[in-house]
Amino acid sequence: MQRLNSASGDFAARFRALVEAGRGEGGDVSAAVRTIIEDVRQRGDAAIAELTARFDGFDPAGELRIPTGRIDAALKRVDKDLLAAMELAASRIRAFHEVQRPADHQQVDETGTRTGWRYSPIAAAGLYVPGGRAALFSSVLMNAIPAKVAGVEQLVMVTPTPGGEPNDEVLAAAKLAGVDTIYRIGGAQAVAALAFGTESVPAVDFIAGPGNAFVAEAKRQLYGRIGIDMVAGPSEILIVADSGADPAVLAADLLSQAEHDPTSQSILITDSPSLAQAVLAALPAAFDAISTAETARASWDANGAVIEIADLSEAPALIDALAPEHLLLAVRDPDAVFARVRHAGSVFLGYDTPEAIGDYLAGPNHVLPTGRRARFSSGLGTANFMKRTTFLGCGPEGFQALGPPAARLAEAEGLPAHALSITRRLDRGA
Ligand SMILES: NC(=O)c1ccc[n+]([C@@H]2O[C@H](COP(=O)([O-])OP(=O)(O)OC[C@H]3O[C@@H](n4cnc5c(N)ncnc54)[C@H](O)[C@@H]3O)[C@@H](O)[C@H]2O)c1
Ligand SMILES: N[C@H](CO)Cc1c[nH]c[nH+]1
Ligand SMILES: [Zn+2]
């Protein structure tokens, strides 16, 4: 964990180093993932079996797909209260993503020329659900519901099952969301299987979902062969807090993302030196209260930071530079800060909005860009599972108006066949 103060002479250099520090990205992970992808491409299921034995500790023995009977049984076994909470989450997530469905459009200009666009769903989508350290059944809902709302016909879910036994809650969430094709594979090998197809796993057009550095890097490397939602790697939280925030609550907020992965990152920015001190003082008890303390401590020690600023007006520039996955504004006037922020995956407004509410059931998606990628990408939404086809229709009048200048442009670009396809029609009096 590092402490920075914006008034210090070395602040700019130390802040830049914090912004640029890779967390489980780069050389080693990239090379390991490249090898795994190539192995799966060449050897299919045989490679998957070996990699699953190595990383998830069991031999799938040709049984990669989880039978539908096993999924149905899981749904029956899940605790009724938990199921009710999952159903509430599913309905809120569905309602949010239904409103997100993008609209088709058509317009006719003064020449009678029609232009517009039409959205259509991706045909086959792969959904990655993390399962290495914790079986994230909430990620099943966050992946599958927008895909269903978009109208994707074929959903293929992959999730690692360490030791071989699938998690009941993950299967129940899949059943609730309408996914019944589930493979018990994870990591870069599962992403590669979805991209190339193997004897058992069908190839898809698009892969969505979060994961650790290996999963995120595999999606990044395979982009172009398949589409991806974004690079959604190890979780991050940036908290901006003022003196009105409760230090014990903030300590828990910081650990809520640190507990995901040793390569997660939690940062506190505050204009209150006494709050910074109080949060640090509250952390030991916060670690003691959680069974995931080992992971959370590893993340906090390696990647955590507390940044003191003189005034909250300094915060937006720092937020935009960090472009965090999650931004919690625990300040008196969160909207005033939010109005000045451009780069953040998802924003949580005010003292009473824990990020964890968004992780589970508020409605917005929890699959979000990490590693500063909120500068150029957005959280998972309905539109990720759709693509836009534009169209154009010239009537006789529109063609007569637009043809000659288009032919002129084609000739100037040195592309005579383009020009001819226009002038032949003009000559014909089309
Ligand atoms: N950005 C988001 O939207 C978001 C959402 C939810 C979770 N997450 C992140 O998802 C991640 C979940 O990670 P996880 O590990 O629990 O589960 P995971 O399913 O992402 O990864 C587990 C797999 O990683 C692979 N792996 C592990 N060590 C490896 C190694 N040394 N070499 C090659 N492959 C290896 C294995 O194949 C294993 O099956 C966390 O980092 C969490 O923060 C991100
Ligand atoms: N915080 C994660 C996204 O970074 C999502 C999640 C799932 N379960 C709990 N949290
Ligand atoms: Zn979380």
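Gly187, Ala188, Gln189, Ala190, Val191, Ala192, Ala193, Leu194 and Ala195 are the buried residues of helix H8 in this predicted model. Since nine of the ten residues of H8 (residues 187–196) are buried, this helix is largely enclosed by the rest of the structure. Just after H8 comes Gly197, which takes a positive phi of about 80°.

Setting aside neighbours within four places in sequence, Val191 is in contact with Tyr128, Ile207, Val215, Ala218, Lys219 and Leu222. Together with Ala174, Val191 has the most contacts inside the largest nonpolar core, a set of 75 residues. Helix H6 (residues 137–150) supplies the largest share of this core, with nine residues. Another core, of 41 residues, lies apart from it and includes Ala241, Leu254, Trp300 and Leu312. As a general background, nonpolar side chains in soluble globular proteins tend to be buried together.

Ala174 brings us to a helix pair, being one of the residues of H7 that touch H4. Helix H4 (residues 68–77) packs against helix H7 (residues 168–177) at an angle of about 105°, and the two axes are 8 Å apart. Because of that angle, H4 is roughly perpendicular to H7. On the H4 side the contact is made by Arg70, Ile71, Ala74, Leu75 and Arg77, and on the H7 side by Asp168, Leu171, Ala172, Ala174 and Lys175. Sorted by class, this contact of H4 with H7 holds six nonpolar and four charged residues, with no polar ones.

Now for the wider view. The protein chain contains 17 helices and 14 strands. Its C-alpha trace spans about 85 × 60 × 45 Å along the principal axes. Of the 430 residues in the chain, 44% are buried. Among contacts between residues at least 6 apart in sequence, 73% join residues at least 24 apart.

The chain is divided into three parts: domain 1 (2–23 + 234–362), domain 2 (27–99 + 121–231) and domain 3 (394–428). Taken over C-alpha atoms, the centres of domain 1 and domain 2 are separated by 30 Å. Where these two domains touch, eight residues of domain 1 are in contact with seven residues of domain 2. The domain 1 side of that contact has four nonpolar, two polar and two charged residues.

Most residues other than glycine have a negative phi. Ala323 and Arg372 have positive values instead, as set out here.

Is Ala323 buried or exposed? Ala323 counts as buried because it has 24 C-beta neighbours inside 10 Å, and the cut-off for a buried residue is 20 or more. Arg372 has 17 other C-beta atoms within 10 Å, so this residue is partly exposed.

Terms used:
Residues numbered from 1 in each chain as written. Chains lettered and ligands numbered in written order. Predicted model: local features only at pLDDT ≥ 70, side-chain atom pairs only at ≥ 80, totals over all residues. Axes fitted to C-alpha atoms, helices over the stretch in contact; angles between N-to-C directions. Helix = DSSP H or I, 4+ residues; strand = E, 2+ residues; numbered from the N terminus. Parallel < 35°, antiparallel > 145°, perpendicular 65-115°, else oblique. Nonpolar A, V, L, I, M, F, W, Y, C, P; charged D, E, K, R; others polar. Domains from an automatic or database assignment. Core = buried A, V, L, I, M, F, W, Y, C linked by C-beta atoms within 7 Å. Buried ≥ 20, exposed ≤ 12 C-beta atoms within 10 Å, placed from the backbone.
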